[in-house]
Amino acid sequence: GPPRHVSARVAPLGSRLVLTLVEDRTRERRIEAVRRDFVANVSHELKTPVGAIKLLAEAVQDAADDPEAVHRFASRMLTESDRLAHLVQQVIELSRLQGDEPLESPEPVDIDEVIAVAVDTSAMDADAKDIRVLVEGESGITVLGNLEQVAAAVANLVANAVHYSDPGSKVLVSTRTVDGFVEISVVDQGIGIPKDEIDRIFERFYRVDPARHRSTGGTGLGLSIVKHVAATHGGDVRVWSVEGQGSTFTLTLPHHAYDEAPAAAPVTAT
Ligand code: ADP
């Protein structure tokens, strides 16, 4: 009779509701765990430069009558505070992006400008290592998004390419449009990434065996920022690499063609 019919319909609905609640709780707990993990990692990473700066300040105090030593300690303090500022900057960028929410008010972003900013950001490091950064491909391409975010993403890729390459080598930044997407590739002839590490490099704070890099300084946050920028823009980032030969990182973003722009302003008769 009817009661049976009703219960037969209510039961699956009810269990689906319970399942949804359980899934929500699981998702909430996972997000909470990721957040706790992130905070723990950030605190740990902040302690290193802060501790170094404190020790160096004490050393400066003790070496007051040795100008040369004071100068040496002070310049190391400067390096450590730059490191700290860079870390804080990246943590702020990342925490803004972590929800992977689509952008609220995307605007046309000029990729030429993005690349100019990125190349400029690494110009000093590239010069210091005699690395030439070349730009080729299509120009005048536009994506729909946030200029600061896209520029930060490409700047991170170029900075890594320079950082993980030997002096005298080349870095190539190239652009092209494929099937409604814009590809921005950063190609280097650097140290490359071991096969078994490649899946992990986009994780927060993950660094491939920090001991293999001559200089420290990295935060392990750059690529995770790139990944989140790609996500908020509806794109993605991929990597090809051969250890000892070089790496190619390709950021793919939806192309914003001019004819997709909001309808042209009405023609006003004069
Ligand atoms: P980091 O601040 O350490 O550069 P990233 O998140 O930008 O952090 O990169 C994570 C790790 O991936 C780096 O520590 C490095 O080991 C590796 N990596 C990133 N880019 C390159 C590259 N172009 N060549 C070789 N290794 C790279």
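## Ligand site and nonpolar cores

Biologist: Which part of Gly 222 lies 3.3 Å from an oxygen atom of the ligand?
Modeller: A backbone N or O atom of Gly 222 does. Keep in mind that this is a predicted model.

Biologist: And Arg 207, how far is its polar side-chain atom from a ligand oxygen?
Modeller: The distance is 2.5 Å. Asp 188 has a side-chain N or O atom too, 2.8 Å from a nitrogen atom of the ligand.

Biologist: How much of the ligand does the protein cover?
Modeller: It covers 97% of the ligand's accessible area. On its own, the ligand has 530 Å².

Biologist: Which elements give two or more residues to that shell?
Modeller: Helix H4 (147-163), helix H5 (222-232) and strand S7 (246-254).

Biologist: Which residues come nearest to the ligand?
Modeller: Of 21 around it, the nearest are Asn 160, Tyr 164, Asp 188, Arg 207 and Thr 219. By class, the shell has 10 nonpolar, 8 polar and 3 charged residues.

Biologist: Switching to the largest nonpolar core. Which members touch the most others?
Modeller: Ile 111, Val 154, Ile 184, Ile 201, Phe 249 and Leu 251, out of 46 residues. H4 supplies the largest share of this core, with 8 residues.

Biologist: What is Val 154 in contact with, leaving aside neighbours within four places in sequence?
Modeller: Val 114, Ala 118, Ile 184 and Leu 251.

Biologist: What lies apart from that core?
Modeller: Another core, of 5 residues. Among them are Ala 59, Ala 63, Ala 69 and Phe 73.

Key: Residues are numbered from 1 along each chain as its sequence is written. This is a predicted model: local features need pLDDT of at least 70, side-chain atom pairs count only at pLDDT 80 or more; totals for chains, interfaces and linings use all residues. Side-chain values use heavy atoms; hydrogens and water are left out. A residue is near a molecule or strand if one of its heavy atoms lies within 4 Å of it. A polar contact is a pair of N or O atoms within 3.5 Å; within protein, one must be able to donate a hydrogen and the other to accept it, and residues adjacent in sequence count only if both atoms are side-chain atoms. Accessible areas come from the Shrake-Rupley method with a 1.4 Å probe; for residues, only the protein chains shown count as cover. Helices (H or I, at least four residues) and strands (E, at least two) are DSSP runs, numbered from the N terminus. Ala, Val, Leu, Ile, Met, Phe, Trp, Tyr, Cys and Pro count as nonpolar, Asp, Glu, Lys and Arg as charged, and the others, Gly among them, as polar. A nonpolar core is a set of buried Ala, Val, Leu, Ile, Met, Phe, Trp, Tyr and Cys residues joined through side-chain atoms within 4.5 Å. Buried means under 20% relative accessible area, exposed over 50%, partly exposed in between (1.4 Å probe, protein chains only). Contact means heavy atoms within 4.5 Å.
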